[in-house]
Amino acid sequence: ITTRIRTSKAHLRAIGRHYGGPAPYGYRIVGHDNGKYWDIDPEAAAVVRECARRITEDGATLTGLVRDLNARGALCPADHARVRSGRESRGGKWSIATLRQVLTSPVVRGYLVESVSGRPRSVDTLRPVLDANGEPHRVGPELLDEATYSQVSARLDQRSRGRVTELTGTALLLH
């Protein structure tokens with residue numbers, strides 16, 4: 001069974017189709033051409049685009065965005081998936097890590113992704129699945145264009161490093 005499932009997923013990955021599980025945040029699964037693909041989920045896509053715009057244009061922080069999303073009752077990705085599948089929301093909240101993962105994942109470009117072999121699956125280990133020409137497989141329309149995605153990623157990466165200052169080598173309490 002394991003071999004059959006792995007072979008099936010490898011085949012679907014090779015031809016650039018969704019191969020199971022829930023759709024990523026911002027998308028919903030639709031079937032056409034005897035396969036499953038992603039289509040934009042208007043409600044979730046609006047949240048992703050608004051957050052990206054506020055980061056790039058207004059200089060918003062993840063902390064401020066998370067507070068705003070939670071204050072207005074925007075469903076976090078897990079609850080959004082539950083409600084979309086007809087189940088009840090658990091009342092989950094957005095976190096900084098969740099919002100960062102949503103905004104910096106290559107999924108928002110519409111790419112099919114896989115994690116790097118041998119490493120735990122996280123947004124840092126995700127990479128687009130490439131076709132025979134070395135181009136990423138697009139499974140759905142992009143939520144963020146390349147320029148916006150690059151700007152958001154750069155801003156969040158810049159902020160995650162904090163202030164990069166040279167250490168003087170002296171510490172008042174130690175010397």
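**Figure 1. Gly26 sits in the loop between helix 1 and strand 1.** The model shown is predicted. Gly26 has a relative accessible area of 0%, so this residue is buried. Leave out residues up to four places away in sequence, and Gly26 touches Asp39, Ile40, Asp41, Ala44, Ala45 and Leu143. Take Asp41 from that set. Gly26 and Asp41 are separated by 15 residues in sequence, yet their C-alpha atoms are 5.3 Å apart in space.

**Figure 2. Tyr25 and Trp94 belong to one of 2 aromatic pairs found in a search of the whole structure.** The geometry of this pair is edge-to-face. Where in the chain do Tyr25 and Trp94 lie? Tyr25 is in the loop between helix 1 (2-15) and strand 1 (27-32). Trp94 is in the loop between helix 4 (77-84) and helix 5. The pair thus links distant parts of the chain, 69 residues apart. Tyr25 has a relative accessible area of 11% and is buried. Trp94 is buried too, at 4%.

**Figure 3. Tyr27 and Trp38 form a tilted aromatic pair.** Centre to centre, the rings are 5.1 Å apart. Their planes make an angle of 40°. This value falls between the cut-offs of 30 and 60 degrees, so the pair counts as tilted. Tyr27 is in strand 1, and Trp38 is in strand 2 (residues 35-40). The two residues are 11 residues apart, and their pair links distant parts of the chain. Tyr27 is buried, with 0% relative accessibility. Trp38 is buried as well, with 6%.

**Figure 4. Helix 2 (residues 42-57) packs on helix 5 (residues 96-104).** The angle between them is about 95°. Their axes are 10 Å apart. That angle makes helix 2 roughly perpendicular to helix 5. Which residues of helix 2 and helix 5 meet? Helix 2 brings Val48, Cys51, Ala52 and Ile55. Helix 5 brings Leu99, Val102 and Leu103. By class, this contact has 7 nonpolar residues, with no polar and no charged ones.

**Figure 5. Thr56 has its place in helix 2.** Is Thr56 buried or exposed? Thr56 has a relative accessible area of 15%. The limit for buried is under 20%, so Thr56 counts as buried. A polar atom of the Thr56 side chain lies 3.3 Å from the backbone oxygen of Arg53. Setting aside neighbours within four places in sequence, Thr56 is in contact with Thr148, Gln151, Val152 and Arg155.

**Figure 6. The whole protein holds 6 helices and 4 strands.** Along the sequence, these elements follow the pattern α-β-β-α-α-α-α-β-β-α. The protein has 175 residues, of which 34% count as buried. Gly26 is one of the buried residues. Consider the contacts with a separation of 6 or more: residues 24 or more positions apart account for 54% of them.

Key. Residues numbered from 1 in each chain as written. Predicted model: local features only at pLDDT ≥ 70, side-chain atom pairs only at ≥ 80, totals over all residues. Heavy atoms only, no water. Axes fitted to C-alpha atoms, helices over the stretch in contact; angles between N-to-C directions. Parallel < 35°, antiparallel > 145°, perpendicular 65-115°, else oblique. Contact = heavy atoms within 4.5 Å. Nonpolar A, V, L, I, M, F, W, Y, C, P; charged D, E, K, R; others polar. Buried < 20%, exposed > 50% of the residue type's maximum accessible area, 1.4 Å probe, protein only. Polar contact = N/O pair within 3.5 Å; in protein donor to acceptor, adjacent residues only side chain to side chain. Phe/Tyr/Trp six-rings, centres within 6.5 Å; stacked < 30°, edge-to-face > 60°.
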